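Q: Hi! Could you walk me through how one of the helices packs in this model?
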Amino acid sequence: MAEQLVELNVTGMHCNNCAMSIHKLLEKKGLNDVLVNFASEEVKFSTPDQSILPQIIKDIEGLGFKVVDEDNVQPTPFYDKVENKFIFCAIFTAPLLLHMVFPWHILHNHIIQLVLCVPVFLVGCLHFGKSAYSSLKNGVANMDVLIFIGSTSAFVYSLVGTIQNLGEHYLFYETSATIITLVLLGNVLEKRSVNQTTSAVKGLMKFQQVNATRVIKDGTEVVNARDVLSGDILLVNNGDQVPVDGEVLSGDALINEAMITGESIPVAKTKYDKVIGGTIVQDGNLRIMATKVGSNSTLSQIIDLMKKAQAAKPPVQKLGDKVASIFVPVVILIALATFVVTYFATDAGLQNAMMHAIAVLVISCPCAMGLATPTAVMVGLGRAAKNGILIKGGDTIEAVANTKYVLFDKTGTLTTGKFSITEIKPEEGFTIEQIRGVITAIEERSNHPIARSMVNELQTLPQQKTILRMATEEKGLGMRAEDINGNTYFLGTAKHKTEDSFNLSLYCNQVRMAQIAVDDTIKTDAAGLISQLKKDGIIPVLVSGDKKSRCKAVADTLGIQEVHAEMLPDDKLKVVDMYRKKGKTIMIGDGINDAPALTQADVGVSMNDASQIAIQSAKVILLNTDLQSVVKFLQISRHTLLTIKQNLFWAFAYNIIAIPVAALGFLNPMVGALAMAFSDVIVIGNSLRLKVKKVV
């Protein structure tokens, strides 16, 4: 059974620690593609068995969170918003910090300090204590365990000093309150920053939230785009957003398709043209028929692909996840060792020993390791999407690193795919009009670029109409058909030897009717792409089902040295496998015959106007037919992986340096809490640089 992506709305998550608790729970349940985003309150995972969903929801709620219905998401209560918790705690913490600066007698009173600290401590117990308990219950301690132990230790120590009236040297209420307040500040910044990394999907989802003007018997009615049915007639006026995918019935318009393709130049649309839901009518008015609605629409499929992509982890994340899972127990042991050594092996005293141990607890930050990869992946995927590049998974980004070969299909990839028939050579007993009629009837049933071009050209020429009863497409070979009189036809790659100028043959009842020569032109940006790949140390390879002479001509023009011509789908598979053994291989294609090779390559890249099978087989879809999208894809992938490595380096380096410094007593716990709070923000900030960073 195929795995399906499940999405849940989960409230009660305040930071990455909450997210990690749910993440570990779902991974322990054996679920795949787990993604938990606390900022957008989304939990995603893949499972082939939908029947386990009620138990999964029960387990998540057992951790102290709430799974809510997507259509009835309630706003977070005022008292439960992390921003409000921070403001509340800051009000009480400020006077406690002031007593360290100003010699005001009232602020030095231990009862006043206790009164100021208790509200903050209670908020900390509810906020961090709940998360700490949930993570321990799940068997994986998170960072909130460290914060809770540290702040509680300082509070209990101070409370004992107050009860026994041991004097000011035993009072550390400001330490407990400041730790809680600063970590809450970190949660606020973390939530806002992470929210920005997911803005690409949210931006696309806004395009779905529109109304449509539907034509009815008595006139028109305004309905939600979600209520539009396939076959409905819609009016789209100047300045409107196209509500769903459709076909133009009448009218002319210029449509901005930037949100789909990344191309800002508007596209002219007229009768019979296809329009995509979410695009904007910049000038003109259209009457369209809805063709793809709901989950079948292009926009819905793009959003679905991006959501699944965010859940697919790059292998590099496994290191961070593994370290994070054992991090908290190790830090607690280091803190205990720090206390024991400082108290028994030196004359620092109980207070200093405890402060050193608390500093170790609060400066440690496993969160940065957990955020290092997903934030970079989400920003990278978002930037790629804005450039008309759909990457189906974060793991694809890492697969692109160290690419050695890029294999290109010729037709529709390096060439325009807009073919013209240069010659038709009829066999004896068949007329040119008869041949044109058969070709048109057969190719109308195909989605291949050659077929579409041939039909457009032949429709304007005299022909003898042929009515077909059925037609089927054979991968990499051509089309088989049968007319209403029982005659069988085959149109495709020549079965027998033909002259070099002819690349297609038409057969009727296994007798050749004609030889056909079709040709197309090389894309204007193909030479620039090949040149750029060579500059980057990547070897371009041409793999095509076309004749050797035609492939050689294209390869010579573009400067491609390695050519594999007259390849059937099975042959392409063998070629891809051969190159994969030599190094990382990307395959770029657009036809049904490319689908197996796209799946076999390390990364398969499909053009937007490719067949549906090719799009499903590929890991990357180029929505913009501009070949420079290939270069952008490679560059964005490289810089995303570089950002992940920078984030992980910072996360590891920070902890490797900060923990020993705190253990040796060079850091006040309050300074440690501040450093920890901003550690996550630095990681997220570095990821957000990808939005504007020059990637050339």
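A: The buried residues of helix H19 (548-558) pack against helix H15 (410-414), strand S19 (511-519), helix H18 (526-535), strand S20 (539-543) and strand S21 (562-564). Helices (H or I, at least four residues) and strands (E, at least two) are DSSP runs, numbered from the N terminus, and contact means heavy atoms within 4.5 Å. This is a predicted model, where local features need pLDDT of at least 70, side-chain atom pairs count only at pLDDT 80 or more, and totals for chains, interfaces and linings use all residues. Residues are numbered from 1 along each chain as its sequence is written, and side-chain values use heavy atoms, leaving out hydrogens and water.

Q: Which residues of H19 are buried?
A: Arg 550, Cys 551, Val 554, Ala 555 and Leu 558. Buried means under 20% relative accessible area, exposed over 50%, and partly exposed in between (1.4 Å probe, protein chains only).

Q: Why are they on the same side of H19?
A: Because they cover an arc of only 130° around the axis, taken from the directions from the helix axis to the C-beta atoms.

Q: And what does the face turned away carry?
A: The exposed residues Lys 548, Asp 556 and Thr 557.

Q: Switching to strands: what pairs with S19?
A: Strand S14 (420-426) pairs with S19 in the antiparallel sense over six bridges, and Ile 424 stands opposite Ile 516. Strand S18 (504-508) also runs antiparallel to S19, joined by five bridges. Two strands pair if DSSP finds at least two bridges between them.

Q: Which residue has a positive phi in the hairpin of S18 and S19?
A: Asn 509, near 50°.
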